[in-house]
Amino acid sequence: MNAQHENLSIYNSLSKQKETFKPITEGAVGMYVCGPTVYSNVHLGNCRTFLSFDLVFRYLKHLGYKVRYVRNITDAGHLENDGESGDDPILKKARIEQLEPMEVVQKYTVDFHSTMEKFNALPPSIEPTATGHIFEQIHIVEKILSEGYAYEKNGSVYFDVMKFNDDYAYGKLSGRQLDDMITNTRELAAQSEKKNPQDFALWKKAEPQHIMRWPSPWSDGFPGWHLECTAMSTKYLGIQFDIHGGGMDLKFPHHECEIAQAEATNKKSPVNVWMHANMLTLNGKKMSKSTGNYILPNELFTGENEVIGKPFSPTMVKFFMYQAHYRSILDFSKEALEASEKGFNRLMDAYRNAANLPTAKDSSFDVTGWRQSCYDAMNDDFNSPILIAQLFEGAKYINAVKDGNATLTETDKDQLQTTMHDFLFDVLGLLDTASEANDGAEKLTGAIQLLIALREQARANRDWGTSDRIRDELQEVGIQLKDGKEGTTFTLN
Ligand code: AMP
Ligand code: ZN
């Protein structure tokens, strides 16, 4: 373990304060994050939340924890309007695109994975699906029914929030009082199967046209959305685990309902630390599929977007997002991205220069103290903007040494370089795109020069066949050789 792990504190949405992080099992962390509902391409807002948790995952691993990171795929049950009268968006999309629901699921799961890979986000340790855990969900419904916190009505099963509230208190996470909720929603009650409007579906009987359905003791139907996360988190992480994350908009009702389901089933609060990532906004409003106020990641990567107008690499976009703390709202704009891009390039240039710095007998910079400041930033609730500010300090110093205005010992140079590397690439998970491109170009040049040398040898041996073949076949792939007085040079078409 990295000794720094003892200093990590995390803001817990449940206690509403920062707490020193102590996992249930020493050296190991169980973390669950609500994954996407796969009925459309993930937008940049969704990406921000998943990238916020990629940072958490990476930093915990960097500290030496063995992390089991579970992030689900919601491929059934997430109804619009939270299940009261809404459609299943996957079924709706299947009708529109004339696909099987599972084709819709597959198409957008693949899109999600490829987007996350472009962002260099690490895959979770387990990625379970709702449809793969129907049995487990039915089992939890049976348990909640037997504990008396749910009731059946016309083949559907609802969670009895009022009954639960008497024994456990409902609303702990969101700070909402059941009495207030009742006052605000009284008029909805009449046409519902529910005893109270706050009750939520654990199991829904399927209408005839609802083709995603499974047999259960109550009806052919499907599980409620909140249930899948309780089933999958506790199955893979245990009935009490360390961290549960998701976007801020999931705090209520989704996460509140997860707590209620787990407490009703196991009589224990399921999660020690609840983490909520804040929203990405566009024109000051939450990025959201349903309002049309969103940008797709690919539009940014290709530049095919009227507002943005030029391409930005995934790693740059990730860097832009990490310049805000995960609990702050971040507004997306072309100007903000461009400002970020300049900083990103400066940082990468400095990192590349760090390898070739001259060394001296003394350092004029406290490298150890600076390295500690980088850890302090991350240990303070994963404060990436402060970390990035510290990395800029490191870059400033690298440039000063390069220009002869500061000095570094050999040991400090190594420490500076390693720290920049660790935080830029392991913790923030950025990619040095420019150096990757340079790297590719260098390899290509090396290979062409080898072919030029072989061609010269062939010509010296009067082996015109081989010599012409090398020239012609290179030309076919767009590489032109030119013979001159100084030898052979090449151009790429
Ligand atoms: P969904 O596919 O709608 O279940 O959303 C997947 C994840 O993206 C959830 O954790 C949401 O909280 C999160 N999310 C949705 N919109 C935004 C946004 N504008 N900014 C940040 N996260 C978001
Ligand atoms: Zn969830």
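Biologist: How many helices and strands does the chain have, and what makes a run of residues a helix or a strand here?

Modeller: The chain has 16 helices and 15 strands, where helices are DSSP runs of H or I with at least four residues and strands are runs of E with at least two, both numbered from the N terminus. The model is predicted, so local features need pLDDT of at least 70 and side-chain atom pairs count only at pLDDT 80 or more, while totals for chains, interfaces and linings use all residues. Residues are numbered from 1 along each chain as its sequence is written, chains are lettered from A and ligands numbered from 1 in the order in which they are written, and side-chain values use heavy atoms, with hydrogens and water left out.

Biologist: How do you know whether T49 counts as buried or exposed, and what does T49 touch?

Modeller: T49, a residue of helix α1, has 8% relative accessibility and therefore counts as buried, given that buried means under 20% relative accessible area, exposed over 50% and partly exposed in between, with a 1.4 Å probe and protein chains only. Leaving aside residues up to four places away in sequence, T49 touches G246, G247 and A277, contact being heavy atoms within 4.5 Å. Across the 493 residues of the chain, 51% count as buried, and residues 24 or more positions apart account for 74% of the contacts with a separation of 6 or more.

Biologist: How do you know which span helix α3 should have, and what do its end C-alpha atoms show?

Modeller: The expected span is 1.5 Å times one less than the number of residues, so the 18 residues of α3 (101-118) should span 26 Å, and the end C-alpha atoms are 26 Å apart, which agrees.

Biologist: Which residues of α3 are buried, and what puts them where they are around the axis?

Modeller: The buried residues of α3 are P101, V104, V105, Y108, T109, D111, F112, T115 and M116. They cover an arc of only 160 degrees, and therefore lie on the same side of α3, the arc being that of the directions from the helix axis to the C-beta atoms. What covers these residues includes α1, β4 (66-71), α2 (89-97) and α9 (297-302). Just after α3, N120 takes a positive phi of about 55 degrees.

Biologist: What makes a residue a donor to the zinc ion (ligand 2), and which residues coordinate the ion?

Modeller: Donors are N, O and S atoms within 2.8 Å of the metal (3.2 Å for Na, K and Ca), and because water is not among the atoms, sites may look incomplete. C34 (SG), C229 (SG) and H254 (NE2) coordinate the zinc ion at 2.0 to 2.2 Å, with the spacing C-x194-C-x24-H in sequence. C34 lies in the loop between β3 (28-33) and α1 (44-62), and C229 in helix α7 (225-237), so the pair ties together parts that are 195 residues apart in sequence. C34 and C229 are both buried.
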